[in-house]
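Please look through the model below before reading my notes. The numbered points go from single residues to the sheet and then to the ligand.

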Amino acid sequence: MKNLICIVTGANRGIGKEVSRQLAMQGHTVIVGARKLDAAQTTVTELGLDTLVPHQLDVTDDSSIENLVKFVSEKFGMLDVLVNNAAIHYDTWQRVTNIDFNTLEEAVQTNLYGPWKMANSFLPLLKKGNHPRIVNVSSGAGELASMSGGTPAYSITKLALNGLTQMQAKSLRGDNILVNAVCPGWVATDMGGSGGRPVADGADGIVWAATLPDNGTTGGFFRDRKPIDW
Ligand SMILES: NC(=O)c1ccc[n+]([C@@H]2O[C@H](COP(=O)([O-])OP(=O)(O)OC[C@H]3O[C@@H](n4cnc5c(N)ncnc54)[C@H](OP(=O)(O)O)[C@@H]3O)[C@@H](O)[C@H]2O)c1
């Protein structure tokens, strides 16, 4: 894989920032998406790699997504990799039986509609890509096999994201677009808190899915490059 054009959402901190770094270290061009442009610019300055491109992106804002589509279309004319990383509300403070539906609505907007709108908006450019891949950054919390009553907003949106992944993979197989869900494991970030593993370890499986060979897998759910239960 040489000089892929990539977008990473929520790339100004945590796992998204590290995914951007690892992709850029491989020589790929990475659009570092962040809700605030100055956060994207600061991240690019901190990482100090030539192929990083800062851009404002709020995945809950249709006009923000359209601005990025216009930018990528005019600058590159195609897209190879979409990493849907941005997510919110790891809601350890509530249970399925007492959920606040406003919190759920916010989680749905960011964690489900965000990746879905990004994929659909960038589809024409992905179809022009040389090695098109979509990576939906999911979580073991969305595993149906181990579902409990905790983190309800987060878990149900990641479960839905996994379903979306399967639907997209089957729909886009004919266009040679590989779509996979990846859980980074428990990672020490603002969301994961202390005690998790280093961001480099969590990012590795996402970068792997973003750079799969053309005969690579599609429609799977992975952690550390290995399939896990839905
Ligand atoms: N950390 C873990 O242990 C763990 C485990 C399993 C799965 N994951 C998944 O891994 C991914 C990254 O998690 P993380 O731990 O790196 O989280 P994080 O440290 O909380 O970072 C989240 C990122 O998403 C961005 N974001 C939030 N809402 C956004 C929006 N509407 N538009 C664009 N960007 C937005 C944030 O931007 P701001 O700075 O503007 O808020 C931030 O850059 C998520 O999908 C998460 O569910 C994490």
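Two residues are said to be in contact if their C-beta atoms, placed from the backbone, lie within 7 Å. The model is a predicted one, in which local features need pLDDT of at least 70 and side-chain atom pairs count only at pLDDT 80 or more, while totals for chains, interfaces and linings use all residues. Residues are numbered from 1 along each chain as its sequence is written.

1. Apart from its neighbours within four places in sequence, Leu 52 is in contact with Ser 20, Ala 24, Val 30, Val 32, Val 44 and Leu 47. Leu 52 counts as buried because it has 24 C-beta neighbours inside 10 Å (buried means 20 or more other C-beta atoms within 10 Å of a residue's own, exposed means 12 or fewer, and partly exposed is in between, with C-beta atoms placed from the backbone).

2. The sheet is open and is formed by eight strands in the order 3-2-1-4-5-6-7-8, with mixed pairing (two strands pair if DSSP finds at least two bridges between them). Strand 3 and strand 8 (226-227) stand at the edges with a single partner strand each, so one side of each has no neighbour in the sheet.

3. Strand 2 (residues 29-34) is mostly covered, since five of its six residues are buried. Strand 1 pairs with strand 2 in the parallel sense over four bridges, and Val 8 stands opposite Val 32 in strand 2. Between these two strands the chain passes through helix 1, and this β-α-β crossover is right-handed (with the strands pointing away from the viewer, the path from the first strand over the helix to the second runs clockwise).

4. On to the next pair: strand 2 and strand 3 run parallel and are joined by five bridges, with His 55 in strand 3 as the bridge partner of Gly 33. Together with helix 2 (residues 37-47), these strands make a right-handed β-α-β unit. Strand 7 and strand 8, by contrast, pair in the antiparallel sense over two bridges, and Phe 222 stands opposite Pro 227 in strand 8.

5. Which elements do the buried residues of helix 6 pack against? They pack against strand 1 (5-8), helix 1 (14-25), strand 4 (81-84), strand 5 (133-137), strand 6 (178-182) and strand 7 (221-223). Among the buried residues of helix 6 are Val 199, Ile 206 and Val 207.

6. Most residues other than glycine have a negative phi. Asn 3, in the segment before strand 1, has a positive phi of about 45 degrees, and Asn 3 is exposed, with 12 other C-beta atoms within 10 Å. His 89, in the loop between strand 4 and helix 4, has a positive phi near 60 degrees, yet His 89 is buried, with 20 other C-beta atoms within 10 Å.

7. Finally, the ligand has 30 residues around it, of which Gly 10, Gly 14, Ala 87, Thr 189 and Gly 192 come nearest (a residue is near a molecule if its C-beta atom, placed from the backbone, lies within 6 Å of it). Helix 1 and helix 4 (101-127) are the elements that give two or more residues to this shell, and helix 1 gives the most, with three residues.
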